[in-house]
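Keep the view open as you read.

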Amino acid sequence: MSDRIRIAIVDDHPMVREGVAHVITDEAGFEVVAKGGTSHDAVEIVRLHNPDILVLDISIPGGGISALQAIVKLGKNSKVLMLTVSDDQSDVFNALNLGAQGYVLKGISGPELIQALRAVHFDGHYLSPNLGAKMLTDISRHKLDAHLEIHNRLTEREEGVLKLVQMGKANKEIGLALNLSEKTIKHYMGNLFKKLNVKSRTELAIKKH
């Protein structure tokens, strides 16, 4: 099994896609697994390929933010790094609050892009220094509560898994009931542990939210 970081790229400009792909494939430890140009492409790529990181532009046909929302609902493990020309503060806040793990501006160097990808993969977050220290401070101080509130809401699927856990069902039984693999159920269980702040299945089974 490959230890390389699997990257997908969605941008409606072919030259940008190929340029980003070239930077990534030239770097040891990375591989490009898929490319696309629309919101629909982004969702399907995550659904079919489940890359480690999806590099996504905001201004693609269908909307990068719409794609981000649909991707989060899929419940996959893919992280999203926004790569865009927009340095509008509302775009940055919106993307991060909706589930993007990173936000960088087009025009960054190849090494900076690789640094961003590594940070998102290993640390879980990255914000382009070009956006400025003030914006970073605003995000951390004023948007943290909203960010946590959005992410702590249980999805419909997570609610379903929780209900079955509280009925005493094992992961295999939950998977059969929801037509999902045990691996996927384990992913949802991890989300539930984190969102409901519990450390054991027993705590989860009696947790009220």
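In helix 9 (residues 171-178), Asn 171, Ile 174 and Gly 175 are buried, where buried means under 20% relative accessible area, exposed means over 50%, and partly exposed lies in between (1.4 Å probe, protein chains only). Looking down the axis of helix 9, these buried residues fall within an arc of 100°, so they line one face of the helix; the arc is that of the directions from the helix axis to the C-beta atoms. Lys 172, Leu 176 and Ala 177 are exposed on the other side of helix 9. As background, an α-helix has 3.6 residues a turn, so residues three or four places apart point the same way.

Before going further, a word on the source: this is a predicted model, in which local features need pLDDT of at least 70 and side-chain atom pairs count only at pLDDT 80 or more, while totals for chains, interfaces and linings use all residues. Residues are numbered from 1 along each chain as its sequence is written, and side-chain values use heavy atoms, with hydrogens and water left out. Helices (H or I, at least four residues) and strands (E, at least two) are DSSP runs, numbered from the N terminus.

What covers the buried residues of helix 9? The cover includes helix 8, helix 10 and helix 11 (201-206).

Take helix 8 with helix 9. Their axes come within 10 Å and cross at roughly 130°. Axes here are lines fitted to C-alpha atoms, for helices over the stretch in contact, and angles run from 0 to 180 degrees between N-to-C directions. Helix 8 and helix 9 are therefore oblique to each other; angles under 35 degrees count as roughly parallel, over 145 as roughly antiparallel, 65 to 115 as roughly perpendicular and the rest as oblique. On the helix 8 side, Arg 157, Gly 160, Val 161, Leu 164 and Val 165 meet Ile 174, Ala 177 and Leu 178 of helix 9, with contact meaning heavy atoms within 4.5 Å. By class, the residues of this contact divide into six nonpolar, one polar and one charged. Ala, Val, Leu, Ile, Met, Phe, Trp, Tyr, Cys and Pro count as nonpolar, Asp, Glu, Lys and Arg as charged, and the others, Gly among them, as polar.

Helix 8 (residues 156-165) also packs with helix 10 (residues 182-195), at an angle of about 90° and with their axes 10 Å apart. That makes helix 8 roughly perpendicular to helix 10. Here Arg 157, Glu 158, Val 161, Leu 162 and Val 165 of helix 8 meet Ile 185, Tyr 188, Met 189, Asn 191, Leu 192 and Lys 195 of helix 10. This contact has seven nonpolar, one polar and three charged residues.

Stepping back, the chain has 11 helices and six strands. Of its 209 residues, 41% count as buried. Among contacts between residues at least 6 apart in sequence, 64% join residues at least 24 apart.
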